[in-house]
Amino acid sequence: MLEALDLHYHYDNAICALQGLALRIRRGRKLAVAGANGAGKSTLFLHLNGILKPERGEIQLEGRPVDYSRQGLLRWRQAVGLVLQNPDDQLFAPTVEQDVSFGPMNLGLDEAEVRLRVEEALCALGIEELRGRPPHQLSFGQKKRAAIAGAVAMRPRVLILDEPSAGLDPQGVESLMAALDRLHAAGATLVMATHDINLVCEWADDVAILAAGRVATQGPCEPVLTDREILNEAGLRAPLLFEIGARLRAMGILPREGALPRSRDALLAALPAESLRASFVM
Amino acid sequence: MHLRHADIDECVYGNAWRERHASEKLLLAGGMLALAIGLPPFPAALLIAGGMAVFSLFGARIPWRVYLRVMIVPAGFALISAATVMISLTSDLRLEVAPRGAQEAARILARSLAAVSCLSFLMLSTPVEEIVSLLRRLGMPAAIAEVMLATHRFISIFAETAQTMWQAQTARCGYATRRRAWRSVSLLAASLFVHSLDRARRMETALAARGYEGETTWLEPRRKASAASLCAIAGAELAVVVVSIGGPWH
């Protein structure tokens with residue numbers, strides 16, 4: 001659906017940020033883009049939203065490349081929404097509700113439609129009761145959700161989130177993930193950058209590993225995230241869940257066939273509690 | 001005894017008149033300001049300074065600590081200017097109280113305090129964004145509105161950045177001795193601009209990502225200006241005019 005082809009880009013200080021990056025985002029899937037700091041995640045995202053223009057290569061949405069004219073960019077940014085890492089960079093209106101309305105207003109919609117979309121976005125993120133509060137008085141997790149609502153209200157076909165879980169407490173991550181799941185269930189295609197590889201394992205359908213401005217590999221979670229060599233090269237580690245899963249499989253506790261457990265609960269449920277206790281007693 | 005940016009924000013978003021329509025507060029502050037400048041200062045300036053203090057402290061319920069701190073710096077400036085007006089240099093290089101100097105100084109002081117109290121009230125009771133959107137509806141050009149909003153945003157970013165940097169320096173004993181303090185302050189000043197600019201750029205990116213095209217718009221809160229309050233405010237202003245023109249003071 002959304003595709004980056006052979007992107008090249010470098011910043012003024014001559015650091016090559018992207019070097020022939022190719023990425024395919026499939027409709028209705030949850031894609032995680034994982035990579036160490038400086039691998040090019042944020043640069044890639046700024047390209048996907050049309051804020052940076054690649055020196056070489058191009059970005060296509062359903063086969064059509066970005067039109068970098070003013071009108072073209074406005075349409076593009078409606079289709080491909082971006083949420084930055086730091087919500088403080090994004091939130092600036094006097095109240096949450098007004099901030100969320102900023103994007104739809106820029107699309108030139110009439111007031112009734114804007115109100116409808118704001119309502120929908122606040123509900124999707126579970127922050128209806130924060131509508132009248134000034135954004136800078138919210139907790140960090142609430143700010144994150146308000147910032148995401150600002151992008152959701154534009155009804156993008158693809159929603160791109162830069163490090164949405166960074167700096168959140170476990171409960172914050174949980175409510176954020178629940179909100180993202182609601183969006184996904186409503187048909188959104190989601191892309192998320194993170195270096196929390198365990199979160200990738202629990203959340204994503206597909207994963208792309210970024211290293212040195214390129215996509216080292218891309219595919220469904222299990223084959224990619226169990227490939228230690230590629231992960232090491234990218235400065236990442238295999239998720240603990242998969243490492244334990246693989247070990248249990250080798251020990252014969254998990255079946256040889258079928259997928260490895262993808263979440264804490266799934267892993268715990270897969271453990272035969274009785275036999276383990278028996279083996280400890282011996 | 002220093003004023004944090006957050007204290008002002010708390011008043012702006014938490015005062016008792018937060019839900020009142022911006023036009024009421026603008027009419028009150030703007031009208032009184034015009035009167036403070038236009039009418040002879042006695043008794044109008046005194047009435048206005050007193051009245052605005054009452055509106056701020058008992059109407060909008062702004063904490064008096066914050067109110068005093070906001071007032072004290074401009075009041076200090078006014079005091080200094082009044083003092084320089086009062087004193088004059090004679091031809092044989094002696095300082096003396098100028099003829100009618102005391103009277104002139106008192107007029108300036110009263111007028112400045114009245115004007116400052118009007119602006120303080122507005123600043124502590126009404127978010128800038130509401131004032132700007134009202135002015136825009138009253139016909140102010142969009143470009144000026146954007147500059148006002150950008151300036152205000154930049155001040156917040158500046159203040160926040162400075163505070164964070166100052167905390168980081170303090171945590172590493174940057175202000176332990178006077179020498180270190182001077183050095184730390186100079187470092188802070190040098191990098192404050194770079195840091196703020198960096199943050200401003202990221203903000204710009206975020207605006208662009210949501211389709212910003214040079215005009216900040218968002219849903220206006222569904223509030224109505226109360227006709228009764230507007231009339232009451234106009235009445236109070238008229239009263240000031242009547243008292244100061246019709247009274248036995250001149």
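**Helix packing and chain contact in a predicted model**

User: How do helix α4 (residues 111–125) of chain A and helix α5 (residues 140–152) of chain A pack?

Analyst: In this predicted model, α4(A) and α5(A) pack at an angle of about 140°, with their axes 9 Å apart. Residues are numbered from 1 along each chain as its sequence is written. Chains are lettered from A in the order in which they are written, and local features need pLDDT of at least 70, side-chain atom pairs counting only at pLDDT 80 or more.

User: Why are α4(A) and α5(A) called oblique to each other?

Analyst: Angles under 35 degrees count as roughly parallel, over 145 as roughly antiparallel, 65 to 115 as roughly perpendicular and the rest as oblique; the angle here is about 140°, and the two helices are therefore oblique.

User: What makes the contact between α4(A) and α5(A)?

Analyst: Residues are in contact if their C-beta atoms, placed from the backbone, lie within 7 Å. A121(A), L122(A), A124(A) and L125(A) of α4(A) meet R145(A), I148(A), A149(A) and V152(A) of α5(A). Seven of these residues are nonpolar, none polar and one charged, where Ala, Val, Leu, Ile, Met, Phe, Trp, Tyr, Cys and Pro count as nonpolar, Asp, Glu, Lys and Arg as charged, and the others, Gly among them, as polar.

User: Which element gives the largest share of the side of chain A that touches chain B?

Analyst: Contact involves 32 residues of chain A and 20 residues of chain B. On the chain A side, α3(A) gives the largest share, eight residues, and that side divides into 16 nonpolar, eleven polar and five charged residues.

Note on methods: Axes are lines fitted to C-alpha atoms, for helices over the stretch in contact, and angles run from 0 to 180 degrees between N-to-C directions. Helices (H or I, at least four residues) and strands (E, at least two) are DSSP runs, numbered from the N terminus. Two residues are in contact if their C-beta atoms, placed from the backbone, lie within 7 Å.
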